[in-house]
Amino acid sequence: MLVATALVMLMTLPGLALFYGGMVRQKNVLATMTQTFSIAAVVTLTWCALGYSLALRPGSGFVGGLDRLFLGGLGVDSLSGDAAHAIPESVFAMFQLSFAIITTALVPGAFAERMRFPAVLLFAALWSVLVYAPVAHWVWAPEGWLARLGALDFAGGTVVHVNAGVAGLVCALYIGPRSGYGRQAMTPYNLALTLAGAALLWIGWFGFNAGSALAADGRAGMAMLVTQLAAATAAVAWTGAEWLSRGRPSALGLVSGAVGGLVAITPASGFVTPSSALLIGLVAGVGCYLGATSLKRLLRCDDALDAFGIHGVGGILGAVLTGWLANPAVGGAHGDILAQLAGVGATVVYSGMMTLAILILVNRMVGLRVSESTETDGLDLVEHGEAVA
């Protein structure tokens, strides 16, 4: 579990930072990577203060209790996890913190290159407590109302990806498109960084999914295997779809497809067989490609780094397919498509509404959007006084 936790931290630092940093324009590379790094620090503090207790401690069906505020009462000998796999609570809290960090850090991919740094910090602090923690409790706490309903989410399909994807979509729509969006080229700075970041995400995802078994056992091994299969299948499927529609494959499409497959297998990884993983990867590769292209055009939304197109769409597809393909021989649970749809619907509505409320509050407190001149000159130089040579 210590290794799995470190792997999930690797997904954000440096994985997501490189993945996002390589896709923005040169004048915003440092600002984008700084946002990811800063969110890791801010969410660590909010998780310690409130998030862990509200998300994963005993409470009502909607939110946890307050017995672990500032991690009070968490001792060296405290145990947590499920009854069959009790682990040191310090490790469990840290493992779950790594999920809270990357979920919050995914959201800025939708509004990249246009939110003020103070607003990013305040948004991350509020969103991690008011949105992420309750949704995590609904699904992963034994008394959570979605858990009691029978919704399955092994490692974060609704809690992480649908949640972050919908929040990103709301942010992008509320803040508005980047200046010149649709009229001028917005060439990525360095897709080699993005490929390196995607590779780290893929490797780290084994900690994400296999680690969610809370044990080094056969279920963890199966979760690792199906993760690899879905990612590889989706990478091939996205590449094929892009090749057919555009006449040539792209490096960005290849890695985006892999990430889409990783997203979609996440809720199913502890419940499905290898053959089901191949199907999930195929659906996710094509579905996320359409989400990042056709759907984005339909919504007329500047989802800059495809946070919704990949994480939102992939998370929804994965959650629904989990209800269909879950095999009791793997995870001991039967799937229920209606329960999965309820989980997706509740997450979409709650995340969307609360994210909008947080955006309105942050805008009134510190202002959300950078000035037009800042956007023209670049966030690196104006907000941080630094630049990539």
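Buried residues account for 58% of the 389 residues in this chain. Keep in mind that we're looking at a predicted model.

**Overall build**

Along the principal axes, the C-alpha trace spans about 55 × 50 × 35 Å. Take the contacts between residues at least 6 apart in sequence, and 77% of them join residues at least 24 apart.

**Cysteines**

How many disulfides are there? The count comes to 0. Cys-171 shows the spacing: the nearest cysteine sulfur belongs to Cys-301 and sits 9.9 Å away. Since a disulfide needs the two sulfur atoms within 2.5 Å, Cys-171 is in no disulfide. Cys-171 is also buried, at 0% relative accessible area, whereas Cys-48 is partly exposed at 26%.

Let's start with Ser-212, which is found in the loop between helix H7 (191-210) and helix H8 (218-246). Setting aside residues up to four places away in sequence, Ser-212 touches Phe-95, Phe-99, Phe-154, Ala-155 and Gly-207. Leu-278, on the other hand, is 66 residues from Ser-212 in sequence, and their C-alpha atoms are 21 Å apart in space.

Then there's Glu-375, which is found in helix H15 (residues 372-377). Glu-375 is buried too, with a relative accessible area of 6%. Which residues does Glu-375 contact, leaving aside neighbours within four places in sequence? They are Lys-27, Glu-113, Arg-114, Arg-178, Ser-179, Arg-369 and Val-370.

Most residues other than glycine have a negative phi, and most peptide bonds are trans. A few spots here go the other way. A cis peptide bond joins Leu-13 and Pro-14, with omega at about 15°. Pro-14 lies in helix H1 (residues 2-21).

The other cases sit side by side in the sequence. Phe-70 is in the loop between helix H2 (29-56) and strand S1 (79-80), and its phi is near 55°, a positive value in a residue other than glycine. Leu-71 is in the loop between H2 and S1 as well, and has a positive phi of about 60° although it is not a glycine. Phe-70 is exposed, while Leu-71 is partly exposed.

**Accessibility at a glance**

| Residue | Relative accessible area | Class |
|---|---|---|
| Cys-48 | 26% | partly exposed |
| Cys-171 | 0% | buried |
| Glu-375 | 6% | buried |
| Phe-70 | 63% | exposed |
| Leu-71 | 28% | partly exposed |

How values were computed:
Residues are numbered from 1 along each chain as its sequence is written. This is a predicted model: local features need pLDDT of at least 70, side-chain atom pairs count only at pLDDT 80 or more; totals for chains, interfaces and linings use all residues. Side-chain values use heavy atoms; hydrogens and water are left out. Buried means under 20% relative accessible area, exposed over 50%, partly exposed in between (1.4 Å probe, protein chains only). Contact means heavy atoms within 4.5 Å. Helices (H or I, at least four residues) and strands (E, at least two) are DSSP runs, numbered from the N terminus.
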